[in-house]
Amino acid sequence: WLAAAFVVLFGGMLVTHHLYLFTTLDVSRRRVSPFTFAFVRKRGSFAQIPAVLADVGATLNRVAPGACTNSAIGVYFDDPAKVPEADMRWWLGFVVHADVEQEQLLELLDAAQREDIDTMVLPSFTALECVAPWRNAFAPVLAPRAAYAALGKHAHAELGDAAAALNSPAIELYDRHAHVDKMAQVRYLLPLDSLPELSEYELVLDDDDDDDDDDD
């Protein structure tokens with residue numbers, strides 16, 4: 001029975017590990033270097049993310065092969081606990097190689113614009129960072145809960161009441177393994193600096209209904 005008890009105990013530990021239960025994720029303050037990213041603006045359920053990411057990645061690989069890294073980026077403006085799912089605003093795309101040649105970068109900017117993909121240079125900023133390993137298929141749901149709980153706790157401990165005044169959107173960087181096409185980790189960033197570049201979050205809808213109202 002001792003062997004059976006060990007198996008049950010080990011199995012329970014394995015499950016809690018993979019489901020991020022009772023997991024303590026470290027939080028650190030870091031200075032994020034400037035970077036350029038190409039992205040699309042979206043609104044609605046996060047369930048769209050896999051399809052949107054695949055579509056943006058395929059488009060960027062087609063119009064500017066080699067210009068972007070395999071690190072995806074998500075920028076999230078709303079708290080799912082406070083904002084209706086249909087109204088949640090977010091950006092999704094890929095980080096551009098820091099050493100991309102100027103000519104290739106210009107080609108990327110031109111091609112992305114034709115494909116309705118935006119590009120932005122984000123300046124250096126200070127952020128609290130929490131890194132969560134990508135353990136399994138449940139990571140997109142469970143890892144953010146653990147990560148944002150850790151970030152919130154650390155922010156209140158470090159900043160006190162000032163933590164409530166932080167108004168920059170959350171940034172998530174999705175890192176893939178260098179030699180294997182699998183997700184490695186997610187870096188959750190809580191910017192401590194004001195980032196006016198991320199205030200222009202308005203979504204331009206592909207809707208021509210209003211164009212017919214001015215035909216008089």
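Helices (H or I, at least four residues) and strands (E, at least two) are DSSP runs, numbered from the N terminus. Thr 36, for example, lies in strand β2, which covers residues 35-43. The structure is a predicted model, in which local features need pLDDT of at least 70, side-chain atom pairs count only at pLDDT 80 or more, and totals for chains, interfaces and linings use all residues. Residues are numbered from 1 along each chain as its sequence is written, and side-chain values use heavy atoms, with hydrogens and water left out.

**The chain as a whole**

- The protein chain contains four helices and eight strands, and their order along the sequence is α-β-β-α-β-β-α-β-β-α-β-β.
- Of its 216 residues, 38% count as buried; buried means under 20% relative accessible area, exposed over 50%, and partly exposed in between (1.4 Å probe, protein chains only).
- A contact means heavy atoms within 4.5 Å. Among contacts in the protein chain with a separation of 6 or more, 78% come from residues 24 or more positions apart.
- The protein chain exposes about 13,100 Å², and carbon and sulfur atoms supply 55% of this area. Accessible areas come from the Shrake-Rupley method with a 1.4 Å probe.

- Thr 36 counts as buried because its relative accessibility is 17%.
- Leaving aside neighbours within four places in sequence, Thr 36 is in contact with Phe 94, Val 95, Val 96, Met 120 and Val 121.

**Aromatic pairs**

- A pair of aromatic rings is described by the distance of the centres and the angle of the planes.
- Rings of Phe, Tyr and Trp (its six-membered ring) pair if their centres lie within 6.5 Å; planes under 30 degrees apart count as stacked, over 60 as edge-to-face and the rest as tilted.
- By this rule there are seven aromatic pairs. The pair of Phe 39 and Trp 91 is stacked, because the ring centres are 4.4 Å apart and the planes are at 20°.
- This pair links distant parts of the chain, since Phe 39 is in strand β2 and Trp 91 is in strand β4 (residues 89-96), 52 residues apart.
- Phe 39 is buried, with a relative accessible area of 0%, and Trp 91 is buried as well, with 1%.
- Phe 46 and Trp 90 form an edge-to-face pair, with 6.2 Å from centre to centre and 80° between the planes. Phe 46 is in the loop between β2 and α2 (49-63), and Trp 90 is in strand β4, 44 residues apart.
- Phe 46 counts as partly exposed at 28% relative accessibility, whereas Trp 90 counts as buried at 0%.
- Ring pairs also link Phe 35, Phe 37, Phe 39, Phe 77 and Trp 91 into a cluster.

**Helix α2**

- The buried residues of α2 are Ile 49, Val 52, Leu 53, Val 56, Gly 57, Thr 59 and Leu 60. Seen down the axis of α2, they fall within an arc of 165°, so they line one face of the helix. The arc is that of the directions from the helix axis to the C-beta atoms.
- On the other side of α2, Pro 50, Ala 51, Asn 61 and Arg 62 are exposed.
- The cover over the buried residues of α2 includes β2, β3 (68-76), β4 and α3 (102-114).

**Asp 116**

- Asp 116 is not a glycine, although it has a positive phi of about 60°.
- Asp 116 is placed in the loop between α3 and β5 (118-122), and counts as exposed at 63% relative accessibility.
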